[in-house]
Every structure is written in C-alpha cells, then in structure tokens.
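Let's take a friendly walk through this model. The sequence and structure come up next, and the tour starts from a single residue.

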Amino acid sequence: MSKKSLLLMPIALSMLAAISYPTTNAAATAEVSPLQPTASAIPVAQSPTPNDANKKLPDVPAKLKVPAGNALTSQMSAKGVQIYVCQPKTGDRTQFEWTLKAPEADLFNASGALVGKHYGGPTWEYTKDKSKVVGEVKERLDSPDRTTIPWVLLSAKSNEGNGLFSKVTYIQRLNTKGGKAPATGCDSSKQNTTIRVDYTADYYFFAAQ
C-alpha cells in the first residue's frame with residue numbers, strides 16, 4: 001500500500017461512519033398501527049324514519065285486511081283527541097247526539113320522534129316532506145275494548161306532494177285507546193257544543209307494490 005493510500009484511509013472511514021442507515025426499532029414498531037378513522041369519519045346511526053323502521057304486518061280480522069297488491073310502507077302511533085259536536089240525529093231532529101267533527105293528533109315514529117300530524121279530512125301529513133293523504137272509511141270494526149273508538153280500514157281518497165304519504169293507498173287504524181264520544185250530555189240545550197276526548201291509536205300505511 002502506498003504512502004498516499006495510507007493517508008486517505010482515515011478520511012474514507014470517517015465518511016462511512018457519517019452515513020446513517022435506517023434501523024428497525026422493535027419498540028417503536030409496536031406502537032405503529034394502521035390509521036383509524038377520526039370520530040367525525042365514523043358512520044353514526046341515524047334515527048330510524050317510518051320508512052326504514054322494522055315493518056311487520058299487523059294481525060287483523062279479515063274485514064280490515066288490505067287488498068292484495070299493497071305493501072306496508074310505514075307505521076306511526078298517534079296521540080291526541082277526537083273532537084265531537086252536539087248535533088241533531090240524522091232522521092230525527094228532535095234527538096241529539098255527539099257527532100265526530102275531526103281528529104287532532106300528533107304522529108310519532110318507532111323511536112318516539114314527532115314526525116307528522118293528523119287532522120280533519122281525515123288527513124295525515126308527514127312533516128319532513130309535507131306529503132299528505134286524505135282517507136275514506138271502507139270498513140270499521142268494534143275494538144276488542146268496547147270503551148274505545150273502533151278499528152277502521154280506509155282507502156286513500158286523495159294524495160298530495162311527493163313524499164312518504166303521496167303514494168299511500170290504504171290506512172289501518174288499530175290498537176285504539178279512548179276517543180269514544182260520551183253516551184250522555186248532548187241535548188237541545190247543548191247544540192253545537194264541542195268536546196275533546198283523548199285517544200291513542202296505531203296507524204299503518206300501505207302503498208301499491
């Protein structure tokens with residue numbers, strides 16, 4: 001080896017020592033994990049709407065069954081009043097009775113959230129999209145509890161809007177509680193008097209398949 005080579009060797013070794021190479025640190029590697037989504041990126045379960053709630057066909061007498069070709073699309077519970085007015089009886093104007101004027105109730109979904117309203121017509125209105133359906137009674141049946149208003153099957157008389165109720169074809173009113181007009185308290189001295197009777201019920205909405 002030449003004298004010049006001996007002089008250059010310490011410089012070369014020094015340069016090699018200055019070069020850094022990646023090393024594996026076991027402890028550091030153990031702390032590394034795949035990226036996880038932040039809290040804002042994790043999907044959050046939304047409150048179920050009447051359209052995506054678990055829908056199960058109600059068990060009803062044959063008289064109240066919806067014709068084939070229609071499917072259950074939503075179910076809501078109602079809480080409100082049945083409004084009656086004291087009027088002369090049809091066919092005998094000397095006798096008086098409490099006559100249904102209109103319902104007035106709030107509609108709730110399966111989670112208990114207020115989603116609509118029910119009023120004269122009878123009309124059901126879905127708050128979110130303002131769609132409506134007006135029903136016409138086709139069949140009625142006494143409730144198992146004779147102290148409450150009857151169960152009924154209604155067909156859609158008209159629809160409005162472009163939403164949940166715009167395609168409803170049939171409605172069932174079931175599981176009624178309260179709402180029945182009193183048997184007394186209506187006579188000529190009370191003509192045109194109104195009363196409000198608390199009630200609850202379940203409404204099932206159907207649309208053509």
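## A buried glutamine

Gln172 counts as buried because its relative accessibility is 2%, where buried means under 20% relative accessible area, exposed over 50% and partly exposed in between (1.4 Å probe, protein chains only). Gln172 sits in strand β7, residues 168-178. Helices (H or I, at least four residues) and strands (E, at least two) are DSSP runs, numbered from the N terminus.

## How the model was read

This is a predicted model, in which local features need pLDDT of at least 70 and side-chain atom pairs count only at pLDDT 80 or more, while totals for chains, interfaces and linings use all residues. Residues are numbered from 1 along each chain as its sequence is written, and side-chain values use heavy atoms, with hydrogens and water left out.

## The whole chain

The protein chain has two helices and eight strands, and from the N terminus on they run α-α-β-β-β-β-β-β-β-β. Of its 209 residues, 33% count as buried. Among contacts between residues at least 6 apart in sequence, 60% join residues at least 24 apart.

In soluble globular proteins, nonpolar side chains tend to be buried together. A nonpolar core here is a set of buried Ala, Val, Leu, Ile, Met, Phe, Trp, Tyr and Cys residues joined through side-chain atoms within 4.5 Å. The largest one has 25 residues, and those touching the most other members are Met76, Trp124, Phe165, Ile171, Tyr199, Tyr203 and Phe205. At least two residues each come from β1 (70-89), β2 (92-108), β4 (123-126), β6 (151-160), β7 and β8 (194-208). Which strand gives the largest share of this core? It is β8, with five residues.

Apart from this core lies another, of 10 residues, including Leu72, Leu153, Leu174 and Phe206.

## An exposed loop residue

For contrast, look at Asp142, in the loop between β5 (132-141) and β6. Asp142 counts as exposed because its relative accessibility is 51%. The C-alpha atoms of Asp142 and Val152 are 8.6 Å apart, with the two residues 10 apart along the chain.

Methods. Contact = heavy atoms within 4.5 Å.
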